[in-house]
Amino acid sequence: MSPEQLSRIIRTTAELIGTRLDAVFDDLNSLLPDIVRIAEDAPDRRPAKADFEPLRPQLQAIIARHEGLVDGAGIAFGQDVLRDAASWLEWWRVGHGGEPEFAAHVFNPDSIRYYDYSAMSWFQLPTTSGHSLAMGPYIDSGGTDLNIVTLAVPFQTAEGSPSALGADICLPVLASIFLKSVASRDRAVVLLNDGGRVVTSNTARHSTGTLLSAADTSALAALFEDYVPVPSAVPGRIPWHVGILKVG
């Protein structure tokens with residue numbers, strides 16, 4: 001395969017990944033008005049967990065709509081947003097039968113299964129920066145206990161600290177989309193996050209989570225023969241690159 005063909009392939013692949021992830025971000029953003037309305041209509045603007053149950057069909061629809069790419073979606077509430085819980089995840093995940101199931105989490109700090117999502121980067125970075133972000137791959141300890149990517153959209157209600165809407169991306173499905181687009185193993189092609197970790201690739205040598213290098217301009221130039229950023233309708237929220245690794 002010629003360098004020109006490979007160059008076209010990585011650009012097409014980056015555009016495809018960006019389009020698929022942007023569609024998930026769009027679905028998450030479409031829920032924000034309903035969340036804010038529920039919070040505003042609650043007594044003293046402090047809603048209860050049950051107030052958000054009417055949004056369950058919309059969260060489940062996000063999982064169903066993306067052809068297996070999304071295997072979980074939900075709302076991660078900030079501190080003191082809810083009047084009946086300090087922490088809460090209204091989160092749904094694909095169950096063993098293929099249908100969405102409520103994902104129960106443990107919020108007791110004394111439990112070995114304690115899930116402190118407020119300290120996890122997928123929640124912390126978007127809520128502190130105020131910007132939507134694709135995070136991962138990371139091990140979701142206490143949650144799925146799998147290597148996943150999460151797309152997160154922060155939001156602020158009248159009371160409490162910032163919260164986030166999120167969608168978990170199924171890495172095997174993302175890898176399949178990537179491999180079908182690359183459609184070649186002549187050269188090592190990787191999808192790299194901004195921390196220099198491989199999201200997926202077309203070679204077993206560079207598996208998901210492999211650390212290559214920090215993804216600044218000089219490091220990318222040293223790693224790749226050719227590379228392009230993954231585009232997004234909102235610049236910066238998918239801080240990834242697709243690149244052809246140098247030989248040797």
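Guide: Gladly, and keep in mind that this is a predicted model. Let's begin with an open sheet of four antiparallel strands, ordered S8-S7-S10-S9.

Visitor: Why are S8 and S9 said to stand at the edges?

Guide: Strand S8 (198-201) and strand S9 (224-229) each have a single partner strand, so one side of each lacks a neighbour in the sheet. From one strand to the next, the twist averages 25 degrees.

Visitor: How do you know that S9 and S10 pair?

Guide: Pairing requires at least two bridges. Five bridges join S9 to S10 (residues 241-245), and the two run antiparallel, so they count as paired. As for a particular bridge, Pro229 has His241 in S10 as its partner.

Visitor: What makes H4 a helix that packs on the sheet?

Guide: Contact means heavy atoms within 4.5 Å, and helix H4 (residues 171-182) touches S7, S8 and S10, its direction making about 50 degrees with that of S8. Helix H1 (residues 3-41) lies across S7 (189-192), S9 and S10, at about 30 degrees to S9.

Visitor: Which strand gives the largest share of the lining?

Guide: That is S2, with three residues; S2 (89-94) and S5 (147-155) each supply at least two. The lining divides into six nonpolar, two polar and three charged residues.

Definitions and conventions. Residues numbered from 1 in each chain as written. Predicted model: local features only at pLDDT ≥ 70, side-chain atom pairs only at ≥ 80, totals over all residues. Heavy atoms only, no water. Axes fitted to C-alpha atoms, helices over the stretch in contact; angles between N-to-C directions. Nonpolar A, V, L, I, M, F, W, Y, C, P; charged D, E, K, R; others polar.
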